[in-house]
Amino acid sequence: MTIQKYLAAALAVIFLAAGQLAQAAGLPDFTELAAKSGPAVVNIGTERKSSGGGPEDFFGEMFRNMPPGFEKFFEQFGGSKGRGGKRPQMKQKSLGSGFLVSADGYIVTNNHVVADADVIHVTLDESNGKSETLKATLIGSDEETDLALLKVETKKPLPFLVFGDSDALKVGEWLLAIGNPFGLDHTVTAGILSAMNRDIRSGPFDNFLQTDASINPGNSGGPLLNMAGQVVGINTAIIASGQGIGFAIPSNMAAKIIDQIKSGKKISRGWIGVSIQDVDENTAKALGLAEPKGALVGNVMENEPAAKGGVKDGDVIIAVDKKDIEDASALLRAIADKAPGSPAVLTVWRDGKNYDLTVTLGERKSSQLADNRPGKGQKQRNEGLLGLTVRPLNKDERRELRLNKGEGLLIVDVTPDKPAAEADLRPGDVILKANLKPVNSVEELSKIVNEEGVKRGAIMLQIERRGDVYFRTVPLPQK
């Protein structure tokens, strides 16, 4: 017997012993789940014309939406553009994963896997060890949730997976991920559900499942399965600087979007027309809330649904249709999940009381932010208690920001390590209100700070920043 055969036999004994130890320890056996679900997972390859051609282009689509710094991965492949940065046009390729959701060839994947592709190829897994590559058609996609639906034509029924209930998941339960990391077909990894409702700032509707199952570039679009073999998530993103930190789109969100795409319906989302932010402990204290929950309304847009329904600046939306709202992201998802034109009952906290307001939803559209450029030459005033320097706006600045005469105070400077800096106030911000009262002069601001802020231990400022309106709560020492 050769040394290779001895080594193979020894490894077989080790793996058998490891499996027996796992069973003895009560760990789950994933072999049946992997064998049953694996054939429904596909390898997706795309091609598109590009002026690039380096290794970074090959992996570019795979890494889209990854956290900053992940591009350093390219360095080990020699991914420099060279002098001048120009290269001849060539076909750019990317790799990702997906999974069949019907016997007639519908496939779910991430939008970033197939975005801007000229050609999409899907490689199917065969039980006899052979594979088949088919050309796929993009049925539709949704960039905001990073989902896409493909279709391949085949005469034979294909194995497929079904969606499970992601809301029924519990932190700590076992999950299985199947995909094609770095182009390695049908790689199976297992782990637990580490957390739910994760917001990683990759899109407006972040609500990811977090898992420690190993997920790598190329896993994008692959399924995250529960022990019943149901898809509870679509693997989408990783944190490059961490280990065992992967994120998946919850199946309950994905299933609704995929159904709309498959039926040919336009993906539409509800809209109320407000800028919102989370409620922190200091804000809750300033508003008299028992706990820091809900979404604080920074600004109500004119002639939009919220304004027509009676919502006001400074309201805290604590429930939608009697379902509690934990934070600003939860409100955004709750409204977007409803159809434009439908009614929504908003429960708001205002002046120490709850009010129910009925709002008829509009349709969500993309918006652009205006630029805010501080002016010069006006008298400045330092507010020592807050740690910032302010001055009235001049005529040109008010016109640019669409403010009325005498309205608002421009922040010129913020002192480090002072309350204003800790509350994320910045030079260029315009203070519109203090504790929901308009401030048109330095004296008005000082009066509110000294009479109300010091008494309550915090002051809430409404500010304008780059075309958006926010609230910032500044903690103050109490007398």
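## A salt bridge at Arg465

Arg465 pairs with Asp424 in a salt bridge whose closest N and O atoms are 3.5 Å apart. The two residues come from distant parts of the chain, 41 residues apart: Arg465 belongs to strand S27 (residues 458-465), while Asp424 sits in the loop between helix H10 (419-422) and strand S25 (430-434). Please keep in mind, as you look around, that this is a predicted model.

The two partners can also be described by their surroundings. Arg465 has a relative accessible area of 10% and is buried, whereas Asp424, with 29%, is partly exposed.

## The chain as a whole

Stepping back for a moment, the protein chain contains 11 helices and 28 strands. It has 479 residues, of which 46% count as buried. Its accessible surface comes to about 24700 Å², and carbon and sulfur atoms account for 50% of that area.

Contacts across the sequence are worth a look too. Take the contacts between residues at least 6 apart in sequence: 61% of them join residues at least 24 apart.

Side chains of opposite charge can pair when their charged atoms come close. One such case joins the side chains of Arg269 and Asp142 in a salt bridge, with an N to O distance of 2.4 Å. Arg269 is in the loop between helix H5 (251-262) and strand S14 (270-271), and Asp142 is in strand S6 (residues 137-142), so this pair ties together parts of the chain that are 127 residues apart in sequence.

Are these two partners buried or exposed? Arg269 is buried at a relative accessible area of 8%, and Asp142 is buried as well, at 7% relative accessibility. Both values can be read against the cut-off for buried, which is under 20% relative accessible area.

Another salt bridge brings together the side chains of Asp356 and Lys322, at 2.6 Å from N to O. Asp356 lies in strand S20 (residues 353-360) and Lys322 in the loop between strand S17 (316-320) and strand S18 (323-324), so the pair ties together parts that are 34 residues apart in sequence.

As for their accessibility, Asp356 counts as partly exposed at 45%, and Lys322 counts as exposed at 58%.

## Two aspartates with positive phi

Asp146 is not a glycine, yet it has a positive phi of about 60°. Its place is in the loop between S6 and strand S7 (147-151), and Asp146 is buried, with a relative accessible area of 7%.

Asp351 is also a residue other than glycine with a positive phi, near 55°. Asp351 is found in the loop between strand S19 (343-350) and S20. How accessible is Asp351, buried or exposed? At 68% relative accessibility, Asp351 counts as exposed, whereas Asp146 is buried.

Notes
Residues numbered from 1 in each chain as written. Predicted model: local features only at pLDDT ≥ 70, side-chain atom pairs only at ≥ 80, totals over all residues. Heavy atoms only, no water. Salt bridge = Lys/Arg side-chain N within 4 Å of Asp/Glu carboxyl O. Helix = DSSP H or I, 4+ residues; strand = E, 2+ residues; numbered from the N terminus. Buried < 20%, exposed > 50% of the residue type's maximum accessible area, 1.4 Å probe, protein only. Contact = heavy atoms within 4.5 Å. Areas by Shrake-Rupley, 256 points an atom, 1.4 Å probe, with all protein chains shown as cover.
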